[in-house]
Protein chains: 2
Amino acid sequence: MPTTLVVGGGLIGTAVAWRLAQRGQHVTVVAGDPGQAASGVAAGMLAPLTESAFTETALLALNLDSLRRWETFAEELERVSGLPSGLHRTPTLSVAGGTDDAARLRDLGRWLDDRGHPCRWLTSRELRGAEPLLGPSVRGGLLVERDWSCDNRRLWTALRVAAERLGVRTVTGTVLAVEHEDGRATGVRTEDGQLLAADEVVIASGAWAGGHGLPFELPVRPVKGQVLRLSAGRLPRLAHTVRAFTQGSEVYLVPRSDGEVVVGATVEEQGFDARVTAGGVYELLRDARQVVPVTAEYELSECRVGWRPATPDNAPVLGPTPLAGLTVGVGMYRNGVLLTPLVADVLAGWVDDAHLEPVATPFTLERFAS
Amino acid sequence: MPTTLVVGGGLIGTAVAWRLAQRGQHVTVVAGDPGQAASGVAAGMLAPLTESAFTETALLALNLDSLRRWETFAEELERVSGLPSGLHRTPTLSVAGGTDDAARLRDLGRWLDDRGHPCRWLTSRELRGAEPLLGPSVRGGLLVERDWSCDNRRLWTALRVAAERLGVRTVTGTVLAVEHEDGRATGVRTEDGQLLAADEVVIASGAWAGGHGLPFELPVRPVKGQVLRLSAGRLPRLAHTVRAFTQGSEVYLVPRSDGEVVVGATVEEQGFDARVTAGGVYELLRDARQVVPVTAEYELSECRVGWRPATPDNAPVLGPTPLAGLTVGVGMYRNGVLLTPLVADVLAGWVDDAHLEPVATPFTLERFAS
């Protein structure tokens, strides 16, 4: 039975481990501190269309492909884990705070229409009919029925349980180096001196992927994000994910089924700076309150920092590396939750079967070689 | 040896217990959850003059009297506890955000001058000379050399140690009722059924003072305050306590010796509502950032809720009650830290010696009798 080590115990690492175990592999996950992982901080938008304001065509195709896998992925996961997957079929409103923002969103709507992704433009009156909690400053926006969300903490728990049930083992540690011999990965060495051997190694350690002493460059850097969680309690609740643009700055509010609302996120090139800052929290609360005024009455239940794994072109790095037996699945940037089903399938197919799904071929490490 | 029960383990209760033990009494403190007490949440301003915008003449005299006791109180406490008292001899700047606010502060300055409390008016340029971290919106303000501050958490620790060293015993519990017989208090009964007997009972339970099943009305209610703590880290630090008024709303920033800055506080008639709200935190961060812009870069290290013990006239209730053997020291509202030395002296004198200091006579419960 082939053995695989997965470096990283977040959503991607756990999902890959689960998929490999389903294929009969003997899998060990080397997990860092779960309190640090972006998997526990993310807002969990499954929103390739409203996110496409930021993405290229090939990446949009990748994101849409993963969204198409989401329902069956969630159903399977719920069946085998016996737990909720966290999938929440709430539509998204992408709204504009100013007239410039409205013009840009209308352009985005037309661009999506032209590519076969219809979305509906709502006037400010129609918007407030659909979502009465929106504030008076909102000028109009797009309704996107299929941009959903997922409670990433529930998803993570369900994935861990599903993986454990198939015998996936987890060890805690920080991977200092990938061991290799004659151009082939042979295992990993952890900070506390453990040597773990395996036939295959998968790097799924998110923002930390650049720190494993690899014999080639893996261009992943942490992009700090501050994220808040509010609790509605008995106050009125949002029925949509709301993404708002005001003078170029963006805020999103992602409601959970229990009345929690995730408000995100700052985007800061600060390395692994772990500080929740007064200014970061201020800006998120200010924007949230402007778009959905009732949030000012909500409880502020959590302020957290996470680090998005970013690459030079903000797209993932998937599949083979210059070392035989070493596979990567990193750089999901703002779309880690969305991409979890696809990346798990792609990496498991590559590791177990040497087959790389065509949708992933534009995203191999090779593109950075030149 | 007379025995006294002190209901409340906050600053006031602990200081009274210490003073009574110094007089040879056998003292037991019945303390609630320390995580709930205002003593751990307060900003610790010792600022009777800049606070006097809110107070009557008799209360100003009381506050000033307590300030005069502060230095010797702190010296004695440090000597006997071996710990820092938290006293911080940083002057206060009371600054104005708008022209209306400036006019009101100038009036306050004249009013204080007339009463023999000189304070200096600084132009906006002079203010920034004194405190370079002030933002451009500040119009001018008062420099008050003797309005200091105290790190209330350090103070509380030192008081507990000092009291313990003199044999003060602490039991944890919620006091449901004061037991009494023939018009005299005989002890207390706690929620878990304990009956504690004593010769004297002192109520020093802050915002909870109205909940002990007393046979008379003690008009104390909780006034919710949200308070933030920021950490400067390596960023520039404030050299003054800054109190700022902008369009009638107030924010204060109280620096600690370790780079922490306490930012307070909302004033909310919400009973014992424990929620840190998005709107409360937003307003504090907004005002702090306007007055001292660099705070936006500070770490937001804590968001807490406390409950000020308030009375109908916002002044304390000190001394005797309709029950013989039952003394109260509650209702310090915004000035609990400032009033700790005075209230401890006054209550110990009354309980141990039946002597009520004249400064306290306007503040007995009797004033609410009519």
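**A chat about the model**

User: Which strands make up the open sheet in chain B, and in what order?
Analyst: Keep in mind that this is a predicted model. The sheet has three strands in the order β3-β8-β4 (chain B), paired antiparallel.

User: Which strands stand at the edges?
Analyst: Those are β3 (45–46) and β4 (87–88) of chain B; each has a single partner strand, so one side of each is left without a neighbour in the sheet.

User: And how many bridges join β3(B) to β8?
Analyst: Two bridges, with β8 covering residues 148–150 of chain B. Leu46(B) sits opposite Trp148(B) of β8(B).

User: Switching topic: how are the two chains related?
Analyst: Chain B superposes on chain A by a rotation of 180° with 0.0 Å of shift along the axis, at an RMSD of 0.0 Å. That is the relation of a two-fold axis. In chain B, the C-alpha nearest the axis belongs to Tyr282(B), 2.8 Å away from it.

User: Now chain A: what area do domain 1 and domain 2 bury between them?
Analyst: About 1,900 Å², with 56% of it on carbon and sulfur atoms. On the domain 1 side, Val41(A), Met45(A) and Tyr333(A) lose the most area to domain 2 of chain A, together 33% of what that side buries.

User: How many salt bridges cross that interface?
Analyst: Two are found between domain 1 and domain 2 of chain A. Also, seven residue pairs are in polar contact across that interface.

How values were computed:
Residues are numbered from 1 along each chain as its sequence is written. Chains are lettered from A and ligands numbered from 1 in the order in which they are written. This is a predicted model: local features need pLDDT of at least 70, side-chain atom pairs count only at pLDDT 80 or more; totals for chains, interfaces and linings use all residues. Side-chain values use heavy atoms; hydrogens and water are left out. Copies are superposed by least squares on the C-alpha atoms of residues with pLDDT of at least 70 in both. Two strands pair if DSSP finds at least two bridges between them. Helices (H or I, at least four residues) and strands (E, at least two) are DSSP runs, numbered from the N terminus. Buried area is the accessible area (1.4 Å probe) that two parts lose on being put together, summed over both. A salt bridge is a side-chain nitrogen of Lys or Arg within 4 Å of a carboxyl oxygen of Asp or Glu. A polar contact is a pair of N or O atoms within 3.5 Å; within protein, one must be able to donate a hydrogen and the other to accept it, and residues adjacent in sequence count only if both atoms are side-chain atoms.
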